[in-house]
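I opened this model to go through its charge pairs, ring pairs, surface and confidence. My entries follow in the order I looked things up.

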Amino acid sequence: MESRMEGDVYSGYQMDGKLLQNFQKSFVQVQDILDQNRLLINEINQNHESKQADHLGRNVGLIRELNNNIRTVASLYGDLSHSFARSVDASSEGESTGTLKSDGKANNNNNQKRFRSG
């Protein structure tokens with residue numbers, strides 16, 4: 001099995017190491033927020049079942065926190081989508097300008113994807 005230290009191929013497109021690290025970082029952030037939301041939902045449900053006024057009042061703040069977390073997750077996914085689209089566009093742009101094959105001959109086939117072996 002070959003190692004790709006500088007980047008990986010995702011659906012036929014080259015992803016550099018920095019982009020991949022940013023994806024991984026964002027996914028970790030998203031997972032942390034989703035784990036926190038699970039705890040918030042459990043507490044909200046417990047407070048609701050207790051029917052105690054102070055617990056029900058606390059739910060207002062917990063639900064606001066939950067909503068803010070959901071907005072943050074949506075924003076992170078939006079950023080990921082935008083970064084991925086830019087990466088794909090940059091990869092496609094590089095292909096359409098013509099590249100050199102390993103034998104030194106020009107490659108102007110816009111439908112051919114470049115793969116990088118490590």
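**Salt bridges**

I began with Asp-35, which forms a salt bridge with Arg-38; their closest N and O atoms are 3.0 Å apart. My cut-off for a salt bridge is a side-chain nitrogen of Lys or Arg within 4 Å of a carboxyl oxygen of Asp or Glu. This is a predicted model, so I required pLDDT of at least 70 for local features and 80 or more for side-chain atom pairs, while totals for chains, interfaces and linings use all residues. I number residues from 1 along each chain as its sequence is written, and side-chain values use heavy atoms, without hydrogens and water.

Asp-35 and Arg-38 sit three residues apart in helix H1, so about one helical turn separates them. I took helices (H or I, at least four residues) and strands (E, at least two) as DSSP runs, numbered from the N terminus.

The classes are buried (under 20% relative accessible area), exposed (over 50%) and partly exposed in between, with a 1.4 Å probe and protein chains only.

How many salt bridges does the whole structure hold? My search found two. In the other entry, Glu-43 pairs with Arg-58, with 2.7 Å between the closest N and O atoms. That pair links distant parts of the chain: Glu-43 is in helix H1 and Arg-58 in helix H2, 15 residues apart. Glu-43 is partly exposed at 26%. Arg-58 is partly exposed at 45%.

**Aromatic pairs**

I found two aromatic pairs in the structure. One of them joins Phe-23 and Phe-84; it is tilted, at 6.2 Å centre to centre and 40 degrees between the planes. Rings of Phe, Tyr and Trp (its six-membered ring) pair if their centres lie within 6.5 Å; planes under 30 degrees apart are stacked, over 60 edge-to-face, and the rest tilted.

Phe-23 is in helix H1 and Phe-84 in helix H2 (residues 53-96), so the pair ties together parts 61 residues apart in sequence. Phe-23 counts as buried, at 10% relative accessibility. Phe-84 counts as partly exposed, at 26%.

**Surface**

Which residues form a nonpolar patch on the surface? I noted Phe-27, Leu-34 and Tyr-77, with about 280 Å² of accessible area together. Patch members have over 30% relative accessible area and no salt bridge; like charges are joined within 9 Å, nonpolar side chains (Val, Leu, Ile, Met, Phe, Trp, Tyr) within 5 Å. Phe-27 lies in helix H1 (residues 17-50). Its relative accessible area is 45%, so I logged Phe-27 as partly exposed.

The chain's accessible surface is about 8,700 Å², 50% of it from carbon and sulfur atoms. Areas come from the Shrake-Rupley method with a 1.4 Å probe; for residues, only the protein chains shown count as cover. Buried residues make up 23% of the 118 in the chain.

**Layout and confidence**

The elements run β-β-α-α-β-β from the N terminus. I checked pLDDT (the predictor's confidence in each residue, from 0 to 100) last. The chain averages 76, and 65% of the residues score at least 70. Among the elements, helix H1 has the highest mean pLDDT (94) and strand E3 (residues 99-100) the lowest (41). Over residues 1-10 the pLDDT is below 50. Over residues 97-118 the pLDDT is below 50. Where pLDDT is low, predicted coordinates should not be read in detail.

Notes
Contact means heavy atoms within 4.5 Å.
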